[in-house]
Amino acid sequence: MGVTELLYSKIDRGERITAREALDLWVEAPLATLMYLADGVRRRMHPGNGVGWMIDRNVNITNICFSQCRFCNFCRTSKNDDAYVTTDEEYDLKIGGLKALGGDQLLLQGGMNPSLGLDFYTGLFRRLKARWPGIRLHALGPPEVAWLSRAERMSYRDVLTALRDAGLDSLPGAGAEILSDRVRRIVSPAKATTAEWLGVMREAHRLNLPTSATMMFGHAETVEERIEHLELLRKMQDAKPEGHDGFVTFIPWPFMDRGTKLAEKDGIRSRVTATEYLRLVAVSRLMLDNIPNLQSSILTVGKETAMISLHGGANDLGSVMIEENVVSSAGDPFRVDPDTMQKIIREAGFIPVRRDQRYMPVSEPGKE
């Protein structure tokens, strides 16, 4: 029996694979076999035929950011004519639109604006919670928390505690890109290091703030670095306190290159085909045996690839994303409304289950 056949048997028995074995599978296993194995793992982790989705809105707090990552077309400096900080009146309009569609989660992200300190964010969160009772804030990310920690001379834990006490409900996995400092020096040299990203998430898990884990791939990284990224996430999830959420999901998406500095100045183009995306989803499901959910990025890969990924390890299609500005500034995102999202899930052969940020159902399956 060959190496890959032994691995297939190991996965069928529900045993954990090593990073080296995951790399062997990436290199040697046919895509159909990887998807079959990953689908088996997904079925063990999520018995039944439900696929998750949700309604939320991504509102950018500001587009001013000192990081100026080379894959980002969204960020501005304070000197740009189109630089902004979102006003309370604008939040009211945007949240009103979200509530009208039945959504209650606000994804708040943006740049690391050197003019905005911790008091700004805690004040904003408190105002939003007071003005819109029941709204859930999935906000900021490890790079912003690391920046605030340095600027305020506070620990990650103290920054996160202040944000949580002001209304933060969960922490996105933004800014992970690839958890390799070699890659980060190329694509986002001013952003949080690998150790800083992981350090913030470690403290969030200790505080039992639900978090997501992400990967933006297909630019300057190697396949080995993708696997190392997955291994770092798995080790961190292993270390979370018992009974705490830790990472509730993993969300990979391909680098969108249109007009970015990486593409125009560095010659680094997106190299992710549908086949490679499906391979990444499958290997991720096989590696991340302790992260319960795997979300397919319908926003970046489109309907057909997202539907196929549900048969190769993914169990969620994410949000209808009423508003999104960062990814769309470097590509043409695939947009859906709630009815279309549910139709896509049914067309793929599954039952739509609307859920919240903790991936708990908020409606009876198929009854939304």
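In this predicted model, Phe-120 is partly exposed, with a relative accessible area of 22%, which places the residue in the class between buried, under 20%, and exposed, over 50%. Tyr-121, in contrast, counts as buried at a relative accessibility of 3%. A pair of aromatic rings is described by the distance of the centres and the angle of the planes. The structure holds 3 aromatic pairs, and one of them is formed by Phe-120 and Tyr-121, whose ring centres lie 5.2 Å apart while the planes stand at 90 degrees to each other, an edge-to-face arrangement.

Another pair is made by Phe-217 and Tyr-277, for which the centres are 6.3 Å apart and the planes meet at 15 degrees, so this pair is stacked, the cut-off for stacking being an angle under 30 degrees. Phe-217 and Tyr-277 are both buried. An aromatic ring also takes part in an arrangement with a charged group: the charged end of Arg-355 is placed over the ring of Tyr-359, at 3.7 Å from the centre of that ring.

Strand E6 also contains Met-215, which counts as buried with a relative accessibility of 0%. When neighbours within four places in sequence are left aside, the residues in contact with Met-215 are Glu-177, Ile-178, Arg-226, His-229, Leu-230, Phe-250, Ile-251, Pro-252, Trp-253 and Leu-280. Gly-173 lies 42 residues from Met-215 along the chain, and the C-alpha atoms of these two residues are separated by 8.7 Å.

The packing of helices was examined next. Two packed helices are described by the angle between their axes and the distance between the axes. Helix H6 (residues 142-152) packs against helix H9 (residues 194-206) at an angle of about 90 degrees, and the two axes are 9 Å apart. Helix H6 is therefore roughly perpendicular to H9, a description that applies to angles from 65 to 115 degrees. On the side of H6, the contact is made by Pro-142, Pro-143, Val-145, Ala-146 and Arg-150, and on the side of H9 by Glu-196, Trp-197, Val-200 and Met-201. Sorted by class, this contact of H6 with H9 comprises 7 nonpolar and 2 charged residues, with no polar residue.

Met-201 counts as buried, with 0% relative accessibility. Apart from neighbours within four places in sequence, the contacts of Met-201 are with Pro-142, Leu-171, Pro-172, Gly-173, Thr-211, Ser-212, Met-236 and Phe-247. Glu-228 is 27 residues from Met-201 in sequence, and the distance between them in space is 17 Å, taken from C-alpha to C-alpha.

For helix H13 (residues 298-309) and helix H14 (residues 338-347), the axes come within 9 Å of each other and cross at roughly 35 degrees. The contact involves Ile-298, Lys-303 and Met-307 of H13 together with Met-341, Ile-344 and Glu-347 of H14. In terms of residue class, the contact of H13 with H14 has 4 nonpolar and 2 charged residues, and no polar ones.

Backbone geometry was considered as well. Most residues other than glycine have a negative phi, and most peptide bonds are trans. Leu-140, although not a glycine, has a positive phi of about 60 degrees, and the residue is located in the loop between strand E4 (136-139) and H6. Leu-140 is buried, its relative accessible area being 2%. Glu-177 is likewise not a glycine and has a positive phi of about 50 degrees. The loop that holds Glu-177 runs between strand E5 (168-170) and helix H8 (181-187), and with a relative accessibility of 4% Glu-177 counts as buried. Glu-177 is also one of the residues in contact with Met-215.

A residue on the accessible side is Val-27, which counts as exposed at 61% relative accessibility and has its place in helix H2 (residues 19-28). Val-27 and Val-159 are 132 residues apart in sequence, and their C-alpha atoms lie 42 Å apart in space.

How values were computed: Residues numbered from 1 in each chain as written. Predicted model: local features only at pLDDT ≥ 70, side-chain atom pairs only at ≥ 80, totals over all residues. Heavy atoms only, no water. Phe/Tyr/Trp six-rings, centres within 6.5 Å; stacked < 30°, edge-to-face > 60°. Buried < 20%, exposed > 50% of the residue type's maximum accessible area, 1.4 Å probe, protein only. Lys NZ or Arg CZ within 6 Å of the ring centre and 35° of its normal. Axes fitted to C-alpha atoms, helices over the stretch in contact; angles between N-to-C directions. Helix = DSSP H or I, 4+ residues; strand = E, 2+ residues; numbered from the N terminus. Parallel < 35°, antiparallel > 145°, perpendicular 65-115°, else oblique. Contact = heavy atoms within 4.5 Å. Nonpolar A, V, L, I, M, F, W, Y, C, P; charged D, E, K, R; others polar.
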